[in-house]
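Look over the sequence and the model before reading on.

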Amino acid sequence: MIRFDNVTFQYEKAFSPALSDICLEIKQGEFVAIVGHNGSGKSTLAKHINGLLLPTKGTVTVCGMSTSVEENILKIRQKVGMAFQNPDNQLVTTVVEEDVAFGPENLGVHPDEIRVRVDEALASVGMTDYATFAVHHLSGGQKQRIAIAGILALKPQVLVLDEASAMLDPSGRAELLETIEKLHKEGMTVVMVTQYMEETTGCDRVIVMKGGHVMLDGTPAEVFRHTDLLLDSNLVPPETVAVRDALKDMGYPLSDDVLTAGRLAEELCPLI
Ligand code: ADP
Ligand code: MG
């Protein structure tokens, strides 16, 4: 669905590239988390997926179309929806359902079809009951779900989220993650940039960026096997992983699949 072939990107006037020779492939239906320090290249990578940025060298291909070919850009943007950090910057009208309808209206979608899409999109993010609410009465998490409903109403095949949970409180983050996980289960390809390692344990794959390179790429169990490597780079693994490793050091034979409190309890209880 998404391919990066030897992608290097350099911002104008920057001393070093923000992305260096990135090669990766994201399959249809995959749920991929991208983590890494500030400045490691996560947003630059995300913006390459819908052609907001074009590679200085190499190629990005989305659904078989290169982002470097100008005629492809519109089609690629219809396939890739992007959500950003601040929900207030992404909502344009004052009433929830009008906001969700805004995108398809601009594309000239028939009003009957818009009604169907708005209802489906609101249902997908669990916000049906809020259709006629004023946007400014919503919590941060609810606003972010409305922003995502607005993207879903455009019928994308890929959802790219760039730190969409960063401005939310813990309960807002939890409801957003639950919504994203549900969309993934329904078949959406999801690329989620996040600064919260805990959010990645339910993903199919975690990509760790460092200095414009891919430092680690694998399932959460594979990536969080390398806690020393992560800690050397000042990246803090999920708390449960730290507890797991401490217990392993004490001699408890726990598997690499222990990434959540529930799984830790399951494996630990029979041993004590
Ligand atoms: P992240 O999202 O992981 O924090 P970014 O992709 O935003 O990282 O940034 C990667 C690198 O590119 C950083 O060194 C950053 O300073 C630089 N950078 C980002 N945006 C610009 C820009 N508009 N102009 C110049 N350099 C930039
Ligand atoms: Mg960023």
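Which residues in α3 meet which residues in α5?

## Helices α3 and α5

Val-96, Asp-99 and Val-100 in α3 meet Ile-146, Ala-149 and Gly-150 in α5. Contact means heavy atoms within 4.5 Å. By class, four of these residues are nonpolar, one is polar and one is charged. Nonpolar covers Ala, Val, Leu, Ile, Met, Phe, Trp, Tyr, Cys and Pro; charged covers Asp, Glu, Lys and Arg; the others, Gly among them, are polar.

Helix α3 spans residues 96-106. Its axis lies 7 Å from that of α5, at an angle of about 35 degrees. Axes are lines fitted to C-alpha atoms, for helices over the stretch in contact, with angles from 0 to 180 degrees between N-to-C directions. Helices are DSSP runs (H or I, at least four residues), numbered from the N terminus.

## Basis of the model

This is a predicted model: local features need pLDDT of at least 70, side-chain atom pairs need pLDDT 80 or more, and totals for chains, interfaces and linings use all residues. Residues are numbered from 1 along each chain as its sequence is written, chains are lettered from A and ligands numbered from 1 in the order written, and side-chain values use heavy atoms, without hydrogens or water.

## Gln-144 in α5

Gln-144 is found in helix α5. Its relative accessibility is 0%, so Gln-144 counts as buried (under 20% relative accessible area, 1.4 Å probe, protein chains only). Not counting residues up to four places away in sequence, Gln-144 touches Phe-84, Gln-85, Pro-87, Gln-90, Ala-164, Leu-168 and Leu-176.

Definitions and conventions:
Helices (H or I, at least four residues) and strands (E, at least two) are DSSP runs, numbered from the N terminus. Buried means under 20% relative accessible area, exposed over 50%, partly exposed in between (1.4 Å probe, protein chains only).
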